[in-house]
Amino acid sequence: MQGSIERALAVLAGGCDSPVRSGWSAGLPMFVQASAAGAYAYDESGRRYIDYIMGYGPLLFGHTHPELITGLDALAKHGFVWGSTHSEEIRLAERIAAYLPSMERMRFVTTGTEAMMSAVRVARAFTGRSRILKFAGNYHGHFDLALIDAGASAGTRTGGIPQGVRGDVLVARYNDLASVDERLDGNESELAAIIVEPIGANMGLVQPAGGFLEGLLRRARRAGALLIFDEVITWLRFGLRGAQGRTSVVPDLTALGKIMGGGLPIAAFGGRRDVMAVLAPEGTTFTGGTHGGNPFCVAMAHRVLDLLEAHPEYYSYMDGLARRLAGGLREIFAQRGLPYAVVQRESVVDFKFRAGPAAQNYDDACNADRAAYARYCAAMLERGVLLAPSQNEVMLLSTAHTAQDVDATLDAARNGLRAQ
Ligand SMILES: Cc1ncc(COP(=O)(O)O)c(C=O)c1O
């Protein structure tokens, strides 16, 4: 009987649906998962791992929060997909707009990729221009232009992207307005939009420097272009008002995804009323989708918002756990004389195997010891801790993690690093 990895390699391209899962980036064998519960993932032998991947973002409440997984039969009785506008998606849009007033009008889609792809099309239609300025190391999904100099596990894998698409993309350095100005020089009149992760989470955790987002908005305005926030990771991870709630900068368009479905696929894009008016049937720009706003996923999105509204303490709980984890890692590094900066913002923790202050951009993030991370990742797995097999990913805490989980993780890190 072949093992699962061999069987996967035989019938799934690269053995997986998303390359990061294959472990290639850290040179690790693929982790084949059998089940999940709370903060834990289980392999096929039934071994338990403390899970910091959390589905690469959606699982703010861990894997199986009772409020999300009960009563699904009753929901299913109404049908999964209707193909019609319905009152619960209207109510969901109203709830989202109440937290994100910049999203005056929106449309529901299925994935973050679709949300960003659609937002970019809307910006192009509204401005009548085609150039997009993006940042190296940000990840916006796997549509053509998004993959140019992307973070996460995309890297340089840009096969299949037409040359013409490349010509429309300007790539600047995150947190570096001078690099933005350089790229915009001579291109302003053709610029449709600047797209950005308002808190970077696909080159490790990279926070926007003071004035960076404000500078982007000023430059977008000067060029007559739009500013698009990719909040696919950050909305609900950083509170009900997302990353835009933490800055005075109001984006023209926003993309949402991941946590909003509580693990089910639902995403959204939206923004200024006048901008969204380019969409058919009012305008001449088309987006659509069989599963957009399907009632099952919409119901789950309401449950996610219900949970967060009922439990405002969840955010401080996760922040406390993440501080404990980050503080513990700092202590371990200090004891071992390792000059690594640990960054933590609310429920996200990250560090790189590189000396010096926290990474500010993708150049910094790439200038880390990948082999050391691979060894660390393998050592943690051996000790029952599941980390993303890529240094571009971050550690994600959830409401299901406990202080005991964090302490067990710190023990694993202490022993794992000692053994290297
Ligand atoms: C910031 C950001 N935008 C967009 C996406 C794409 O979302 P999806 O994988 O749902 O297509 C991701 C996925 O990791 C992301 O992190």
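A polar contact is a pair of N or O atoms within 3.5 Å; within protein, one atom must be able to donate a hydrogen and the other to accept it, and residues adjacent in sequence count only if both atoms are side-chain atoms. With that in mind, a polar side-chain atom of Thr 113 lies 2.5 Å from an oxygen atom of the ligand. The model is predicted, with local features needing pLDDT of at least 70 and side-chain atom pairs counting only at pLDDT 80 or more, while totals for chains, interfaces and linings use all residues. Residues are numbered from 1 along each chain as its sequence is written, and side-chain values use heavy atoms, leaving out hydrogens and water.

**Around the ligand**

- The residues around the ligand (those with a heavy atom within 4 Å of it) include Thr 111, Gly 112, Thr 113, Tyr 139, His 140, Glu 197, Asp 230 and Lys 258.
- A backbone N or O atom of Tyr 139 lies 3.2 Å from a nitrogen atom of the ligand.
- From Asp 230, a side-chain N or O atom is 2.6 Å from a nitrogen atom of the ligand.
- The side chain of Asp 230 also makes a polar contact of 2.7 Å with the side chain of His 140.
- His 140 sits in the loop between β5 (131-135) and α6 (163-167); helices (H or I, at least four residues) and strands (E, at least two) are DSSP runs, numbered from the N terminus.
- His 140 counts as buried because its relative accessibility is 2%; buried means under 20% relative accessible area, exposed over 50%, and partly exposed in between, with a 1.4 Å probe and protein chains only.
- Leaving aside neighbours within four places in sequence, His 140 is in contact (heavy atoms within 4.5 Å) with residues including Gly 112, Thr 113, Met 116, Glu 197 and Asp 230.

**Domains and cores**

- The domain assignment gives domain 1 (4-64 + 312-418) and domain 2 (69-309); such bounds come from an automatic or database assignment.
- The centres of the two domains, taken over C-alpha atoms, are separated by 25 Å.
- Their contact takes 34 residues from domain 1 and 36 residues from domain 2.
- In soluble globular proteins, nonpolar side chains tend to be buried together.
- A nonpolar core is a set of buried Ala, Val, Leu, Ile, Met, Phe, Trp, Tyr and Cys residues joined through side-chain atoms within 4.5 Å.
- The largest nonpolar core here has 58 residues, and those with the most contacts inside it include Leu 133, Phe 135, Val 196 and Leu 227.
- This core draws at least three residues from each of domain 1 and domain 2.
- Apart from it lies another core, of 33 residues, among them Tyr 52, Tyr 340, Tyr 376 and Val 406.
- Back in the largest core, Leu 227 is in contact with residues including Ile 194, Val 196, Leu 216 and Leu 253, leaving aside neighbours within four places in sequence.

- Helix α10 (residues 295-310) has 16 residues and reaches 22 Å from its first C-alpha to its last, close to the 22 Å expected at 1.5 Å a residue; the expected span is 1.5 Å times one less than the number of residues.
- This helix is mostly covered, with 13 of its 16 residues buried.
- Both Pro 281 and Gly 288 are found in the loop between α9 and α10.
- Gly 288 has a relative accessible area of 45%, so it is partly exposed.
- Gly 288 and Gly 83 are 205 residues apart in sequence and 11 Å apart in space, C-alpha to C-alpha.

**Backbone features to look for**

- Most residues other than glycine have a negative phi, and most peptide bonds are trans.
- The peptide bond from Ala 280 to Pro 281 is cis, with omega near 15 degrees.
- Tyr 56, in the loop between β3 (48-51) and α2 (66-69), has a positive phi near 60 degrees.
- Glu 346, in the loop between β11 (340-345) and β12 (348-355), has a positive phi near 50 degrees.
- With a relative accessible area of 17%, Glu 346 is buried.

**His 65**

- His 65 lies in the loop between β3 and α2, and its relative accessibility of 12% makes it buried.
- Not counting residues up to four places away in sequence, His 65 touches Leu 307, Tyr 314 and Thr 399.
- The side chains of His 65 and Tyr 314 make a polar contact of 2.9 Å.
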